[in-house]
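User: I have a structure on my screen and want to learn how to read its features. Can you take me through it piece by piece?

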Amino acid sequence: MELLVSIIIPCYNSASTIRETLDSVCRQTWESIEVILVDDASQDNTADVAEAYEDDRVRVIRSEHVGACKARNFGIHEAGGAYLQFLDADDTLDSHKIELQLKALSGGQREHAVAYGPWWEFSNEYPSPTVGFVEGRDYSNPMDWLFASMLEGFFLPPHCWLVPASVVDSAGEWDERLLQNQDGEFFSRVLENASEVVWVPESNSYYRGGNIGSVSQVKGRLYTESLLLAANLIRDRMLEYAKGDASLRNIISALYLRILYRMDYSDQEMVEEVWSEIQKLGLPQRTLSVGGKRFNQLKAVLGWRLAFKVKSLMTR
């Protein structure tokens, strides 16, 4: 009997994209799936479109408006699969994605291992995918993946991963306090509780960019505070792993440097709060990548503080 995979999709006002997302899910070559779509009180007809989808593996739950994290937690509670696949309502999966990752995790002592694969970015304006991240590798210690992502400047959308339900049980649910970087905080706990990380190079996922209303594009104090809370939670797990290693502590400061790169410089109180966290950890080498090409060139010459000073003056 094939292992069941539960695919959890939170939705809010996704009527224009949800059919394409469901098509990519229901065309999976691994057919033993259940699709749990949680509609977060959409103001359009997302739930109607999903309920009309002709595949009995798709189940729609209509919720009051609770936010994406709680919607995902509803999905976790309803899931009966041995593995969980998280997917946003405007993203898609390659048809072989789940099968390839499940096969990579089968056998040996990998019942608590997690799998990940490449991702490609597309948009409504530019539908042909462009490279997001394609150069992964295996990690026998999953927390090493977290440090590598900070050092090398890569990140993964949630749907790149395939996670055993047992690991999610140990890691806990999505943190419903967070408005930003919910996935980074959640997967830091997944990595903390996994036995290893397995790279599956052909298991492609596709991320829809260009969405000005996406959570990651929102700015303001409330969202900066949420980024800071998520960073503090991730930092504590990484510090526990680092065990006083100064070079690893410096890498952790990338969490805060990336907040600083995104935030509103007019809020000097928050700017100083973020800098105080960086000072506790120590600045990393200038070779660590943060932000765009021009900023990294500037930072390589001027150093971290002066580069951020110039950036703040340029964005006024």
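User: Where is leucine 302 placed?

Analyst: This is a predicted model. Leucine 302 sits in helix H12, residues 293–302.

User: Is leucine 302 buried or exposed, or in between?

Analyst: Buried means under 20% relative accessible area and exposed means over 50%. Leucine 302 has 31% relative accessibility, so it counts as partly exposed.

User: Which residues make the nonpolar surface patch?

Analyst: Val301, Leu302 and Leu306 make it. The patch covers about 270 Å².

User: Now the sheet. How do strands pair in general?

Analyst: Strands of a sheet pair through backbone hydrogen bonds, in the parallel or the antiparallel sense. Here, an open sheet of seven strands has mixed pairing. Read the order as S3-S2-S1-S4-S9-S6-S10. Strand S3 (58–63) and strand S10 (197–199) stand at the edges. Each has a single partner strand, so one side of each lacks a neighbour in the sheet. On average, neighbouring strands of this sheet are turned by 25° against each other, direction ignored.

User: In which sense do S1 and S2 pair?

Analyst: Parallel, over seven bridges. S1 covers residues 5–11 and S2 covers residues 33–40. As one example, serine 6 stands opposite glutamate 34 in S2.

User: What does isoleucine 36 touch, apart from its neighbours within four places in sequence?

Analyst: Isoleucine 36 lies in strand S2. In a regular strand, side chains alternate between the two faces of the sheet. The contacts of isoleucine 36 include Ile7, Ile8, Ile9 and Ile61. Others among them are Gly75, Glu78 and Ala79. Its relative accessible area is 0%, so isoleucine 36 is buried.

User: Which helix lies across S1, S2, S3 and S4?

Analyst: Helix H3, residues 68–78. Helix H3 runs at about 145° to S2. Its buried residues are Cys69, Ala71, Arg72, Asn73, Gly75 and Ile76. They pack against S1, S2 and S4, and also against helix H6 (165–171) and helix H7 (182–193).

User: How do S7 and S8 run, parallel or antiparallel?

Analyst: Antiparallel, joined by three bridges. S7 is also joined to strand S11 (residues 205–208), in the parallel sense, by four bridges. Follow tryptophan 120 to see both pairings. Its bridge partner in S8 is valine 131, and in S11 it is tyrosine 206.

User: On to charges. How many salt bridges are there?

Analyst: The count comes to 21. Take aspartate 48 and arginine 62, whose side chains meet at 2.7 Å, N to O. This pair links distant parts of the chain, with aspartate 48 in helix H2 and arginine 62 in strand S3, 14 residues apart. Aspartate 48 has 43% relative accessible area, so it is partly exposed. Arginine 62, at 49%, is partly exposed.

User: What other part of the chain does glutamate 185 link to?

Analyst: Helix H8 (residues 221–242), through arginine 237, 52 residues apart. Their side chains meet in a salt bridge at 2.8 Å, N to O. Arginine 237 is buried, as is glutamate 185. Shared partners join Glu185, Arg189, Glu192 and Arg237 into one network of salt bridges.

Conventions
Residues numbered from 1 in each chain as written. Predicted model: local features only at pLDDT ≥ 70, side-chain atom pairs only at ≥ 80, totals over all residues. Heavy atoms only, no water. Pairing = 2+ DSSP bridges. Helix = DSSP H or I, 4+ residues; strand = E, 2+ residues; numbered from the N terminus. Axes fitted to C-alpha atoms, helices over the stretch in contact; angles between N-to-C directions. Contact = heavy atoms within 4.5 Å. Buried < 20%, exposed > 50% of the residue type's maximum accessible area, 1.4 Å probe, protein only. Patch = residues over 30% accessible without salt bridge, like charges linked within 9 Å, V, L, I, M, F, W, Y side chains within 5 Å. Areas by Shrake-Rupley, 256 points an atom, 1.4 Å probe, with all protein chains shown as cover. Salt bridge = Lys/Arg side-chain N within 4 Å of Asp/Glu carboxyl O.
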